[in-house]
Amino acid sequence: MSIYVGKDTRLITQGITGGAGKFHTLACRDYGTNVVGGVTPGRGGEDVEGLPVFDTVREAVQETGANTSMIFVPAAFAGDAILEAIDAGIEVIVCITEGIPALDEVRVKQAVRASDSVLIGPNGPGVISPGAQAKVGIMPGYIHKPGGIGVVSRSGTLTYEAVWQLSGLGLGQSTCLGIGGDPVPGTLFVDTLERFADDPETEGILLIGEIGGTAEEEAAAFVKEHVDKPVAAFVSGATAPKGKRMGHAGAIIAGGKGTAAEKKVALSAAGILVAESPADMGRTMQAVMQGQKV
Amino acid sequence: MKLHEYQTKARFKAAGLAVPTGHVVNTAAAAGEAYEKLGGELAVVKAQVHAGGRGKGGGVKLVRSAAEAVAAAEGMLGKPLVTHQTGPAGVTVNKVLVEEGLPLDQELYASVVLDRNLETPVLMVSAEGGVEIEVVAAERPEAILKEPVDGWRGLDGFRARRLAYQLGVPKELAGKLARTLQGLARIWLDSDASLVEVNPLVTTTDGRVVCLDGKMSIDDSALFRQQALAAERDVAEEEPTEVRAREAGLSYVKLDGDIGCLVNGAGLAMATMDIVKLHGGEPANFLDVGGSATAEQVTTAFHIILEDPTVKGILVNIFGGIMRCDVIAEGVVAATKAVGLDRPLVVRLEGTNVDKGRQILAESGLDITPASDMADAAKRIVEAVS
């Protein structure tokens, strides 16, 4: 079993005719994902390496039975693309686009909450379940191994680093998911933790946070109450200055709140073993799986 | 992107909110003329810098004559203003705002920010205006009242009224105050702001509700559709290197250490700074070249790091996913050849096409220290600079 994506995934890409959209759609298909088509307004009727292109998401769903969408639409139009996917009844919407205005995300999140759709991202690498050979995102597929560790993160490349460490230690992954670096993510840490807790394939969880907001504190509270699987964590940004945005729109210590130190304290207090060094994310997970406690 | 007080107040005024009459000037003589133009006895001269805490730093002066206005402006213009937000060097004052003094009654606080937990903007008010809101929030959080702002409708009338009544202003001013609060929420939405703050928001003894101060920041991601605001950017207030990096599409933040960092991805870039520190070094910067950087961007990134005289060594940490290691390696080689490498350089590459990337570095003839993983890379660069 896997969460969010799997053997039942029928994927379309919104923005399939763009450079990144095309490249990653094909990479997902090569990995084993069931890709059924794509959408680019005005390009309906064309095809991309054998994949049919439609003008609208509704049409793509009607013609292909798509239930999952991956969005590469430019930031100015990405909010509308998410709304279109919700309207068409897409179940899992993975938005890769970075730099969407915060107000658009606020408005989109309202629509997500009022729907049955799940939004992963924006501004994240997507989601991959190696055991199901399902990849909906931009992560390099080959670093992943099937296994029992669920990885959830606010970062892209730092997640690759973690997965690379895990795979090197022989710890495969059930599902790896980036919730994205923006202030209003579609899916939160707690949403994913809830799924990992219920997923029989997931035996342990690695959570990778960063400065800004209180998502890690909420995750800690959730783990304490609802998760009895081993959990390890890392939080980046201990050296980040206050009041400066560190690349991600959501990675900012505002009004002295959202520091790495606060988050580590909250995670440790919930019984989660926190790696001090990013070089030790894999080893910390391994220690937790072998029964080490805080 | 931050706006100055005078830019914020122009925005407030255009939206129908009351602000004091004032003039922006950049010479002391013009400050005297501005005082005369205002025509009242009491006026205020306020330094226009992005940093908060101007009052305590000497950047806000009450004046009662043209001569006093000239003297106050002279004391500010062209000189550094040091506040708790500027660092010890301060920021140079290039403009002052000369405003009419008002017969103040109550001093309130109002702001609109994005509440990440509620996933919606919120309007925050306090009856304790004119002081640092962080202090109020820490010591008496119950003194801060909040209402959510709908992403489409703005601040609903009943919520605005509820806040106005709770703030305890005279009954006849509650309507005006509520409309002001709604106006601030509307400005937040219409400007794609990340912050709208009025501290203090005042009532006057002659029955007005006036935005005595004003501070705004605009969401950088929305500047493409806020071009009038984008044109108001004051780059003189920003770290020059950060301006250059932004123009090159790089995310860069200057720090106090001596190890320059070049990394792909924001999370990995922060983690790289952290691991440098864990091994006893101090990062000189945060630099994220992004997930799909070109060879040119890598070259610009190298230039930016090498031009910083405090940088004693460079650590490149790339996890190639979308970005191929051989492309990065070529960028590193091209950049170091173009810029001229005079400091230690440690490169850690992992991911797509890593063998090809490592080979390119090894065969470049350049003095590049390869590292096997993050910890090894941090150890090597810290040793090299100490």
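User: Which are the edge strands of the open sheet of seven strands in chain A?

Analyst: This is a predicted model, and in chain A the open sheet has mixed pairing, with its seven strands in the order β9-β8-β11-β10-β12-β13-β14. An edge strand here pairs on one side only, and this holds for β9 (134-137) and β14 (273-274) of chain A.

User: What is the bridge partner of I128(A) in β11(A)?

Analyst: Strand β8 (residues 126-129) of chain A and strand β11 (residues 173-178) of chain A run antiparallel and are joined by two bridges. Within this pairing of strands, the partner of I128(A) in β11(A) is C176(A).

User: At about what angle does the direction of helix α8 of chain A lie to that of β13(A)?

Analyst: Helix α8 (residues 260-269) of chain A packs on the sheet, where it touches β12, β13 and β14 of chain A.

User: Which element gives the largest share of the side of chain A that touches chain B?

Analyst: Between chain A and chain B there are five salt bridges, and one of them joins the side chains of R113(A) and E119(B) at 2.6 Å, N to O. The elements that give two or more residues to this side of chain A are α4 (102-113), α5 and β13 of chain A. The largest share, eight residues, comes from α4(A).

Notes
Residues are numbered from 1 along each chain as its sequence is written. Chains are lettered from A and ligands numbered from 1 in the order in which they are written. This is a predicted model: local features need pLDDT of at least 70, side-chain atom pairs count only at pLDDT 80 or more; totals for chains, interfaces and linings use all residues. Side-chain values use heavy atoms; hydrogens and water are left out. Two strands pair if DSSP finds at least two bridges between them. Helices (H or I, at least four residues) and strands (E, at least two) are DSSP runs, numbered from the N terminus. Contact means heavy atoms within 4.5 Å. Axes are lines fitted to C-alpha atoms, for helices over the stretch in contact, and angles run from 0 to 180 degrees between N-to-C directions. A salt bridge is a side-chain nitrogen of Lys or Arg within 4 Å of a carboxyl oxygen of Asp or Glu.
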